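Trainee: I would like to go through this model with you, one question at a time. Please show it first.

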Amino acid sequence: MTAASDRRLDRGRPSAPVIEVESLNVTYGDFRAVKDLSFQVQRGEVYALLGTNGAGKTSALEVIEGHRRASSGRIQVFGTSPTDRAAVRSRTGIMLQESGFAADLTVAESVRLIGRLSGRSDTVTRILEVVDLTSKADTRVAQLSGGEKRRLDFATAVYGRPELIILDEPTTGLDIQSRDALWSAVEQLRQDGSTIILTTHYLEEAQQRADRIGLMHQGTFRLQGTVAELTGTLPASIQFTLPPGAPTPPLPSGSADAGHVLIETFQLQRDLKQLLDWAEDHRVELIDLAAAPTRLDDVFRAIDTTPAHS
Ligand SMILES: Nc1ncnc2c1ncn2[C@@H]1O[C@H](COP(=O)(O)OP(=O)(O)OP(=O)(O)O)[C@@H](O)[C@H]1O
């Protein structure tokens, strides 16, 4: 039995979280970049840390990676300290925000080096296929494009199919095909039992791919949960224009300038049905009718007015 199938079989059993963060604080001098952050990532989850620029995402990830010491707090990875290299490093693949490869090594040499440093076993051929750099195996790192360098960074994280994969803005600078390929590779790793934590500024990706999201602003979580839980914090909207002389619709609504009506609702389907039934009964045409569910973008835009919670 392979390690991967072993892990798949294990997934049904309750197990300790892979990452446990309790009251994490990271300070730079007098500046508190991360303030009392608490969360857990369960085995097999894809967890996305989202947030505004400077929210503290990379600072928090660096502590989980073991690259930075927390100013205070309790952080456990696989039930031990992330700085316990012997226990954690060989089980963890990390893609940093910025590449650190020697410019004069070739792509194949770089991957071989990763392999030796990781302590995991894999083949250069397989990894180059996963990150679609087979045709660049003999190209020097200095000659790679920005997107190709990012794919080589991804190779560092997935070499040897680690149990925990930490990705800091993995798809920044990648074209749409490369982004889709990266997400397919992540999905495959997750199916094989890996746990993934990542940061991204592409909200659509997080909406489609993450099991849970932590939304950070100014060092703290403003919201944490599934996409449905996050979008459920704001109302959806129904908009239309009433023809002159039409009766008043049955639902509480916002501005009616020039007959334009905006209805905000947490019960989109129910209220839309009620409105359509009313319009039919009263023979009213709802001009330019549009119903929009709440999107992650809306939640993100409202971040300034969302109170902090730990
Ligand atoms: N080494 C450092 N010394 C001083 N301040 C730092 C240092 N690293 C980060 N900061 C500050 O800490 C805050 C959080 O930075 P961090 O890189 O963790 O944010 P982020 O959420 O990853 O941001 P982005 O989305 O822009 O990458 C920022 O205000 C940043 O300027």
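Mentor: Some terms first: Ala, Val, Leu, Ile, Met, Phe, Trp, Tyr, Cys and Pro count as nonpolar, Asp, Glu, Lys and Arg as charged, and the others, Gly among them, as polar. A residue is near a molecule if its C-beta atom, placed from the backbone, lies within 6 Å of it. This is a predicted model, in which local features need pLDDT of at least 70, side-chain atom pairs count only at pLDDT 80 or more, and totals for chains, interfaces and linings use all residues. Residues are numbered from 1 along each chain as its sequence is written.

Trainee: How do the residues of the shell around the ligand divide into nonpolar, polar and charged?

Mentor: The residues around the ligand include Tyr28, Phe31, Gly54, Lys57 and Thr58. Lys counts as charged and Gly as polar. The shell divides into four nonpolar, six polar and one charged.

Trainee: Which element gives the largest share of that shell?

Mentor: Helices (H or I, at least four residues) and strands (E, at least two) are DSSP runs, numbered from the N terminus. β2 (31-41) and α2 (57-65) each supply at least two residues of the shell. The largest share, three residues, comes from α2.

Trainee: Where are the domains, and how far apart do their C-alpha centres lie?

Mentor: The bounds come from an automatic or database domain assignment. Domain 1 covers 3-230 and domain 2 covers 235-293. Their C-alpha centres are separated by 45 Å.

Trainee: Are the residues on the two faces of strand β5 buried or exposed?

Mentor: A residue is buried if 20 or more other C-beta atoms lie within 10 Å of its own, exposed if 12 or fewer, and partly exposed in between, with C-beta atoms placed from the backbone. In β5 (residues 92-95), Thr92 and Ile94 sit on one side, Gly93 and Met95 on the other. These four are all buried.

Trainee: Which residue in β6 is the bridge partner of Thr92?

Mentor: Two strands pair if DSSP finds at least two bridges between them. Four bridges join β5 to β6 (residues 164-168), and the two strands run parallel. The partner of Thr92 is Leu164.

Trainee: Why does Pro235 count as partly exposed?

Mentor: Pro235 is in the loop between α9 (227-231) and β10 (236-241). Leaving aside neighbours within four places in sequence, Pro235 is in contact (C-beta atoms, placed from the backbone, within 7 Å) with Glu264, Thr265, Phe266 and Thr294. Pro235 is partly exposed because the number of other C-beta atoms within 10 Å is 16.

Trainee: What separates the C-alpha atoms of Arg190 and Arg43?

Mentor: Arg190 lies in helix α7 (residues 176-191). Beyond four places in sequence, Arg190 touches Gly44, Val46 and Ile196. Arg190 and Arg43 are 147 residues apart along the chain, and their C-alpha atoms are separated by 9.4 Å.

Definitions and conventions:
Contact = placed C-beta atoms within 7 Å.
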